[in-house]
Amino acid sequence: MSSQAAALRELPLIELQKQVAGKRQELMNLRFQLATRKLSNYTLLRSVRREVARLLTVIAEAERNK
């Protein structure tokens, strides 16, 4: 089990949802920078996308275990 996911599982559901919204906003900004050719670190796109997926997975697990 990932230590990142383990730390996320301890957070309340509302906090996880806020983090997803923030990461999606960050992802949108990175995509805009990519389109305008101002993005210098392309690995950020991949890492933020994975963070969103990790958060959504933890949220789905929490909702299933209710």
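User: What covers the buried residues of helix 3?
Analyst: This is a predicted model, and in it the cover over the buried residues of helix 3 includes helix 1 (3-9) and helix 2 (13-35).

User: Which residues in helix 3 are buried?
Analyst: Leu45, Val48, Val52, Leu55, Val58 and Ile59 are the buried ones. Viewed down the axis of helix 3, they fall within an arc of 160°, so they line one face of the helix. On the other side of helix 3, Thr43 and Arg64 are exposed.

User: OK, salt bridges now. How many are there?
Analyst: The count comes to three salt bridges. One of them joins Arg9 to Glu61, with the closest N and O atoms 2.8 Å apart. Because Arg9 lies in helix 1 and Glu61 in helix 3, the pair ties together parts that are 52 residues apart in sequence.

User: Is Arg9 buried, exposed or partly exposed?
Analyst: Arg9 has 37% relative accessibility and therefore counts as partly exposed, and Glu61, at 23%, also counts as partly exposed.

User: And which residues are linked in a network of salt bridges?
Analyst: That network links Lys23, Glu26 and Glu51. Lys23 meets Glu51 at 2.6 Å, N to O, and this pair links distant parts of the chain, with Lys23 in helix 2 and Glu51 in helix 3, 28 residues apart. Lys23 also forms a salt bridge with Glu26, where the closest N and O atoms are 3.6 Å apart; both of these residues lie in helix 2, three residues apart, which is about one turn of the helix.

Methods: Residues are numbered from 1 along each chain as its sequence is written. This is a predicted model: local features need pLDDT of at least 70, side-chain atom pairs count only at pLDDT 80 or more; totals for chains, interfaces and linings use all residues. Side-chain values use heavy atoms; hydrogens and water are left out. Buried means under 20% relative accessible area, exposed over 50%, partly exposed in between (1.4 Å probe, protein chains only). Helices (H or I, at least four residues) and strands (E, at least two) are DSSP runs, numbered from the N terminus. The arc is that of the directions from the helix axis to the C-beta atoms. Contact means heavy atoms within 4.5 Å. A salt bridge is a side-chain nitrogen of Lys or Arg within 4 Å of a carboxyl oxygen of Asp or Glu.
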